[in-house]
Protein chains: 2
Amino acid sequence: MRIGIDLGGTSVAVGLVDDNYSVLCRTSQRTAGCKDEKELMDRIISCIYDLIKKSGVSTDDIESIGIGCPGSTNVEQGLVVRSGNLPFKNTRVAKILSDEFGKKVYLDNDANCAAWGEYNAGIAKGLDNVVMVTLGTGIGGGIIINGRILHGKENHAGEIGHVVIDINGKRCACGRIGCWETVASTRALIERVRAEAEHVPFSVLGNVISENNGVIDGRSLFIALKRGCKVSKSIFAEYIELLGVGVMNVIEVLRPDMVVFGGGISKEGDTLIAPLRENIGETPTRLEASSLNDNAGIIGAALLHLI
Amino acid sequence: MRIGIDLGGTSVAVGLVDDNYSVLCRTSQRTAGCKDEKELMDRIISCIYDLIKKSGVSTDDIESIGIGCPGSTNVEQGLVVRSGNLPFKNTRVAKILSDEFGKKVYLDNDANCAAWGEYNAGIAKGLDNVVMVTLGTGIGGGIIINGRILHGKENHAGEIGHVVIDINGKRCACGRIGCWETVASTRALIERVRAEAEHVPFSVLGNVISENNGVIDGRSLFIALKRGCKVSKSIFAEYIELLGVGVMNVIEVLRPDMVVFGGGISKEGDTLIAPLRENIGETPTRLEASSLNDNAGIIGAALLHLI
């Protein structure tokens, strides 16, 4: 058995993964608010101890630990160079965990881990070339070529969210103009929903948001869509168009066997993917929603020893 | 020794490549006007016989033949599925040449061959991950990952010219809107030069074009630039900007060790590449002009047996 850790900007999820690549037990903790490196590492460590306790497994039975981290990582040295939302700076994450648990610790980028999970144990099992697109605050990418994670120089391959699709578009946080994620991330979709809902408050979409105490999240649009909301239909059609442009860009460059979609809204499954397939049109590249969902990152991290 | 063939839309170039990956002898013929598959294949075959005669080599000393073809190719079966400018349709190019010369014949896409040449014998020698960008009528791409050509599904990876960078841009011949090559190919640059020259005929650029009997080609702008032409400076700055967007897109996705530029205007060397490097800014990916120039495709084709 191995432990996989999926570290995000606001929480950490830890899971025990067996030899069939299934998650036997998982637990998570909030990490938002951790003010420095030590506090965050302590939180991760306590979460691992929680898992060991909860699962009743002996630490002797744990073969290795893997962790997927957001931001800029150095895989060879097992460190996080920097990360937008986390108080890490050249933090030797792998060494700290290894010293604590006496196990070999593998580290990689979170998007790579999710792709590695789907490739080894999920919907993309058995394929050679796979791209995982994670829709969230931004758009993350993990690329598998010939069965290996494509790390690229300084471990920075797969930044597909920062492919410019609109040279006259909005400035992205990265500094470039018109990056794909400025219009097709879940955050961009939510912003669009908010603007439309303010514009047309007496719509089905407006009701859905009111019922949710004014909170708009990735599900709001899809709930309204299911109730036949016309405003939502038009937002969604526009979103699929913008999502499709970037997906097709990835296909033009890599022509992978499959593009797998992860992140919260990928749980909508064919509600999201079927219109996207229609938008892309005929292509030998399959488009699929993640089959491991929230466990993709945990399983991929636990299997980093296979690289 | 091996024979490498670089088949283009208007001509075919054939070269004899030695074990040091150098072109010992080369010859070429025009292919424009060949009205059917047979005429084109006969032209290629006669070009190979010309080379053998010219070089004085014995056919016994030729180990294999490789050919790079534009369009959609099937590498395993050695055929050209279709090609925009050539009268090929599911043409068994490799078999026809093999039957004629009694040698093993390898076939791949022309952009892949150019990349393979630079990777094995040119500026990108010894690197793992390389992208070759060929600037011409369109923008071709050849991708090497971990020392192997990335073919992708149906051999269609590397279509980097069709990455959309302007969702509100011009329609491309491929049907998509705002493809990179609609604004950054050599053809797009020439069109821009033509429009500007008509607009400001009494410029240095206008003189350069008049001296060339009104013909505008990839060199016109660079000649005018060297004479200090202000109009040309502004066209060039805009072009570098548009070229840079697409190059950076490729870097975001693949973060290769090097991007190599080929095609006629890459012969301008640092006149083209230095401003491009400045536009891209700090990146671990090196940007370089092709070192094999017109021989890249021939050498890459001759070395297809190394795949």
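Buried area is the accessible area, taken with a 1.4 Å probe, that two parts lose on being put together, summed over both. The model on screen is predicted.

**Stop 1: the contact between the chains**

Colour chain A and chain B separately. By that definition the two chains bury about 3000 Å² between them, and 60% of this area is on carbon and sulfur atoms. Next, select A:K153, A:E252 and A:V253. These residues supply 21% of the area that chain A buries against chain B, more than any other three residues. To show the whole contact, select 33 residues from chain A and 34 residues from chain B.

**Stop 2**

For one of them, centre on A:D257 and B:K153, which form a salt bridge with their closest N and O atoms 3.9 Å apart. The cut-off for a salt bridge is 4 Å, so this pair, at 3.9 Å, is within it. Polar contacts can be drawn next: 17 residue pairs, both residues at pLDDT 80 or more, are in polar contact between chain A and chain B.

Now switch to a cartoon of chain A. On the side that touches chain B, the elements that give two or more residues are β10 (139–145) and α8 (230–254) of chain A. Select α8(A): it provides seven residues, the largest share of that side. Colouring the chain A side by residue class gives 16 nonpolar, eight polar and nine charged residues.

**Stop 3: two domains in chain A**

Select residues 2–116 + 296–306 of chain A for domain 1, and 127–290 for domain 2. The C-alpha centres of these two domains of chain A lie 26 Å apart. Where they meet, twelve residues of domain 1 are in contact with 13 residues of domain 2. The domains bury about 950 Å² between them, with 57% of it on carbon and sulfur atoms. On the domain 1 side, pick A:N112, A:A115 and A:W116, which lose the most area to domain 2 and together make up 46% of what that side buries.

Which polar links cross this interface? The rule finds zero salt bridges between domain 1 and domain 2 of chain A, but three residue pairs in polar contact, both at pLDDT 80 or more. Highlight β5 (72–74) and α3 (110–121) of chain A, the elements that give two or more residues to the domain 1 side. The largest share of that side, five residues, comes from α3(A). By class, the domain 1 side has six nonpolar, four polar and two charged residues.

**Stop 4: a pair of rings in chain B**

Bring chain B back and show the aromatic side chains. Over all chains, the structure holds six aromatic pairs. One of them is B:W116 with B:Y119, a stacked pair at 5.4 Å centre to centre with 25 degrees between the planes. Both residues belong to helix α3 (residues 110–121) of chain B; because they are three residues apart there, about one helical turn separates them.

Technical notes
Residues are numbered from 1 along each chain as its sequence is written. Chains are lettered from A and ligands numbered from 1 in the order in which they are written. This is a predicted model: local features need pLDDT of at least 70, side-chain atom pairs count only at pLDDT 80 or more; totals for chains, interfaces and linings use all residues. Side-chain values use heavy atoms; hydrogens and water are left out. Contact means heavy atoms within 4.5 Å. A salt bridge is a side-chain nitrogen of Lys or Arg within 4 Å of a carboxyl oxygen of Asp or Glu. A polar contact is a pair of N or O atoms within 3.5 Å; within protein, one must be able to donate a hydrogen and the other to accept it, and residues adjacent in sequence count only if both atoms are side-chain atoms. Helices (H or I, at least four residues) and strands (E, at least two) are DSSP runs, numbered from the N terminus. Ala, Val, Leu, Ile, Met, Phe, Trp, Tyr, Cys and Pro count as nonpolar, Asp, Glu, Lys and Arg as charged, and the others, Gly among them, as polar. Domain bounds come from an automatic or database domain assignment. Rings of Phe, Tyr and Trp (its six-membered ring) pair if their centres lie within 6.5 Å; planes under 30 degrees apart count as stacked, over 60 as edge-to-face and the rest as tilted.
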